Amino acid sequence: MEDASAALKAELEPFLNKPGARQFTAIEIEKQFVWDYCSAVEDGNPVYWDEEVAKKSRFGRLIAPPNTLMTLNRPAHWLPKDQQDKAEEVAAALPPSPQAQAREILANHGFTTVTVVNREEEYFEPFGPGDGRLAMEDRFVAVSDIKTTKVGPGVFFTYEIDYYTERDNRLVGRARNVTLIYNGSGATK
Amino acid sequence: MTHHASIDFASINEGDALPNLTFEVSYTTLAQDVSGTRDYYPIHHDPEFAKAGNARNIFLNTMWYQGMVNRFVSEWAGYESFLRKLSVDMKSHGCPGDTLTVRGTVLATRTDDQGRKLVDLDVRMDNQLQPDVLLSKVTVEIP
């Protein structure tokens with residue numbers, strides 16, 4: 001297993017810490033988006049709802065809960081066929097993400113099933129309505145030796161996503177995802 | 001409720017408990033979760049689909065829990081506070097009919113190299129069936 005781990009890491013090394021092309025969220029950060037999110041958890045924080053209080057606060061304006069990164073990154077609910085085709089064309093024209101290429105290598109070794117072990121988010125600066133969409137840049141940052149787990153042999157694969165505002169290119173957040181990518185057919189009974 | 005601007009950083013001590021928050025989860029909560037977090041995966045709105053996957057019923061998603069933890073922390077810390085770090089680890093499903101109790105404890109207070117006043121928190125949720133259905137670690141900045 002030690003030799004196999006070293007060989008796999010050598011194969012993945014060219015893709016380590018290489019950022020992928022930036023991709024944008026499907027929607028802009030708007031007040032109604034913020035209010036719909038806050039309504040779900042009944043969060044009445046005035047810096048999300050009340051322009052007057054928000055303006056006088058240290059943020060100086062309405063902001064979004066910083067933990068809306070994942071929600072902003074959800075795809076459009078529905079698109080007309082021509083818009084869907086256009087979105088697919090834009091995605092297809094992007095160079096392959098080094099993170100996706102690393103996952104392909106893992107798949108070639110039989111590690112195809114992905115489960116998220118942990119997601120941690122870090123927030124650098126507030127963002128809110130008026131900042132446009134968020135741009136996202138991903139990179140694969142770590143891979144473990146091959147482990148024997150109860151669901152089968154696999155590796156812990158860690159990737160990060162950086163989030164930037166469209167309006168002024170500020171780095172506002174980072175998500176760190178630790179995943180277990182494994183070969184389910186090798187599970188112990 | 002009346003919102004306060006900020007808790008006094010000097011008054012916070014390791015081991016302090018935050019005031020508990022109780023939340024009744026209904027079908028309407030799940031509808032608002034789906035809409036508010038833009039998550040149309042059927043496991044959050046189609047009971048038959050969810051039960052076929054061995055869940056008790058449709059259940060709350062990760063983004064809802066992130067929002068609830070942020071609400072819980074900022075209601076204690078004040079609206080001038082700002083979340084700096086958040087991780088959530090779901091241990092069980094939150095379904096319509098559940099009563100969630102959110103509780104939190106101060107793990108540490110510190111000032112970082114940029115002079116920011118930070119509080120590390122352990123936040124957990126229980127439901128009527130078991131404790132610790134959600135485990136969360138939070139760092140919040142107090143102005």
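Author: Of the 143 residues in chain B, 36% are buried (20 or more other C-beta atoms within 10 Å of the residue's own; exposed is 12 or fewer, partly exposed in between; C-beta atoms are placed from the backbone). This is a predicted model: local features need pLDDT of at least 70, side-chain atom pairs count only at pLDDT 80 or more, and totals for chains, interfaces and linings use all residues. Residues are numbered from 1 along each chain as its sequence is written, while chains are lettered from A and ligands numbered from 1 in the order in which they are written.

Reader: What is the mean pLDDT of chain B?

Author: First the general idea. Where pLDDT is low, the predicted coordinates should not be read in detail. pLDDT is the predictor's confidence in each residue, from 0 to 100. Chain B has a mean of 96, and 99% of its residues reach 70 or more. For the complex, the predictor gives an ipTM of 0.96 and a pTM of 0.92.

Reader: How many helices and strands does chain B have?

Author: Helices (H or I, at least four residues) and strands (E, at least two) are DSSP runs, numbered from the N terminus. Chain B has 3 helices and 5 strands. Their order from the N terminus is β-α-α-α-β-β-β-β. Along the principal axes, the C-alpha atoms of chain B fill a box of roughly 50 × 30 × 30 Å.

Reader: Which elements of chain B supply the side that touches chain A?

Author: Start with contact: two residues qualify if their C-beta atoms, placed from the backbone, lie within 7 Å. Here 29 residues of chain B are in contact with 26 residues of chain A. Helix H1 (27-37), helix H3 (62-77) and strand E2 (82-90) of chain B each supply at least two residues of that side. H3(B) gives the largest share, 9 residues. By type, the side of chain B divides into 10 nonpolar, 11 polar and 8 charged residues. Ala, Val, Leu, Ile, Met, Phe, Trp, Tyr, Cys and Pro count as nonpolar, Asp, Glu, Lys and Arg as charged, and the others, Gly among them, as polar.

Reader: Which residues of H1(B) are buried?

Author: An α-helix has 3.6 residues a turn, so residues three or four places apart point the same way. In H1(B), the buried residues are B:Thr29, B:Leu30, B:Asp33, B:Val34, B:Gly36 and B:Thr37. They pack against helix H2 (31-41) and helix H5 (69-72) of chain A, together with H3 of chain B. Just after H1(B), B:Arg38 takes a positive phi of about 60 degrees.

Reader: How many bridges join E2(B) to strand E2 of chain A?

Author: Two strands pair if DSSP finds at least two bridges between them. E2(B) and strand E2 (residues 113-123) of chain A run antiparallel, joined by 3 bridges. A:Glu121 stands opposite B:Leu86, and A:Glu122 has B:Lys85 as its bridge partner. Within chain B, 8 bridges join E2(B) to strand E5 (residues 134-142), also antiparallel. There B:Lys85 stands opposite B:Thr139.

Reader: Which residues have the most contacts inside the largest nonpolar core?

Author: A nonpolar core is a set of buried Ala, Val, Leu, Ile, Met, Phe, Trp, Tyr and Cys residues joined through C-beta atoms within 7 Å. The largest has 52 residues, with B:Val69, B:Val73 and B:Val138 making the most contacts inside it. H3(B) supplies the largest share, 9 residues. Leaving aside neighbours within four places in sequence, B:Val69 is in contact with B:Leu86, B:Val88, B:Val123, B:Ser136 and B:Val138.
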